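Trainee: Could we go through this protein together, one question at a time? I would like each answer to show how it is reached.

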Amino acid sequence: MTARGFETVENDLEAIGWGLRQVSRRSGFSRARITRLKSTTLDHDGSPAERAFRRWIADLARLHRRFYSPLSPAVPAPGNRPCLNGAGVNRALIIIGWSERFLAESLAMHRTELRRVLENGGELSPRPSRWLDVLCDGHIDLPRPDVTD
């Protein structure tokens, strides 16, 4: 991993798991503007809105790099939070901005297998549930910055 100031926006978006369309929807920036910013680094000059955008993406990427999978050592013990059921997983996907397919890949499950577990009233196991909780909390704590110029 490179030093924090030298990661490009494109690398950070890959760490978060967002494509161009998703980051455009969540940031309020146009796809063309994001495409132009993809090769820039955190220390690159730009408008205040662009600097705030890059800081926000860098902070989210740092969160996702720290909690890269349910098996990450940084994921805290499950504690007393209940395991996520279908509604909880869908809420997490909306907050994080992931698709069901991306989550299934991250959990090393087939998408159909994940869907069957959740549709039949099942729950994720404690560690993946806690991992999604931590990522959700991080996304809630790092709201989109004001991007008006």
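**Salt bridges and domains**

Mentor: Let us begin with one pair: in this predicted model, the side chains of aspartate 137 and arginine 81 meet in a salt bridge, at 3.3 Å from N to O.

Trainee: How many residues apart in sequence are the parts that aspartate 137 and arginine 81 tie together?

Mentor: Aspartate 137 belongs to helix H8, which covers residues 126–141, while arginine 81 sits in the loop between H4 and helix H5 (86–96). Because the two lie in these separate places, their pairing ties together parts of the chain whose distance in sequence is 56 residues.

Trainee: Is glutamate 50 buried or exposed?

Mentor: A residue is called buried when its relative accessible area is under 20%. Glutamate 50 has a relative accessibility of 8%, and arginine 33 is placed in that class too. The answer for glutamate 50 is therefore buried.

Trainee: How many salt bridges does the rule count, and what is the count between domain 1 and domain 2?

Mentor: By the rule, the count comes to seven salt bridges. For the boundary between domain 1, residues 9–70, and domain 2, residues 86–140, the count of salt bridges is zero.

Trainee: How far apart are the C-alpha centres of the two domains, and what area is buried between domain 1 and domain 2?

Mentor: The C-alpha centres of domain 1 and domain 2 lie 22 Å apart, and the contact takes 12 residues from domain 1 and 16 residues from domain 2. Carbon and sulfur atoms give 61% of the area buried between these domains, and that area is about 1100 Å².

Trainee: Which residues in domain 1 lose the most area to domain 2?

Mentor: We look at the side of the buried area that belongs to domain 1. Three residues there together account for 47% of what that side buries, and they are His64, Phe67 and Pro70.

Trainee: How many residue pairs in polar contact does the rule find across the interface, and which element gives the largest share of the domain 1 side?

Mentor: Across the interface of domain 1 and domain 2, the rule finds nine residue pairs in polar contact. On the domain 1 side, the elements that give two or more residues are helix H2 (20–27) and helix H4 (48–66). The largest share of that side is three residues, and the element that gives them is H4.

Trainee: Is serine 24 buried or exposed, and in which helix is it found?

Mentor: Serine 24 touches Phe29, Ser30, Arg31 and Ile34, when residues up to four places away in sequence are not counted. Its relative accessibility of 16% means that serine 24 counts as buried, and the helix in which serine 24 is found is H2.

Trainee: How far apart in space are leucine 118 and valine 89?

Mentor: Leucine 118 lies in helix H7, residues 111–119, and at 13% relative accessibility it counts as buried. Leaving aside neighbours within four places in sequence, its contacts include Val89 and Leu124. Leucine 118 and valine 89 are 29 residues apart in sequence, and their distance in space, C-alpha to C-alpha, is 8.3 Å.

Terms used
Residues are numbered from 1 along each chain as its sequence is written. This is a predicted model: local features need pLDDT of at least 70, side-chain atom pairs count only at pLDDT 80 or more; totals for chains, interfaces and linings use all residues. Side-chain values use heavy atoms; hydrogens and water are left out. Domain bounds come from an automatic or database domain assignment. Contact means heavy atoms within 4.5 Å. Buried area is the accessible area (1.4 Å probe) that two parts lose on being put together, summed over both. A salt bridge is a side-chain nitrogen of Lys or Arg within 4 Å of a carboxyl oxygen of Asp or Glu. A polar contact is a pair of N or O atoms within 3.5 Å; within protein, one must be able to donate a hydrogen and the other to accept it, and residues adjacent in sequence count only if both atoms are side-chain atoms. Helices (H or I, at least four residues) and strands (E, at least two) are DSSP runs, numbered from the N terminus. Buried means under 20% relative accessible area, exposed over 50%, partly exposed in between (1.4 Å probe, protein chains only).
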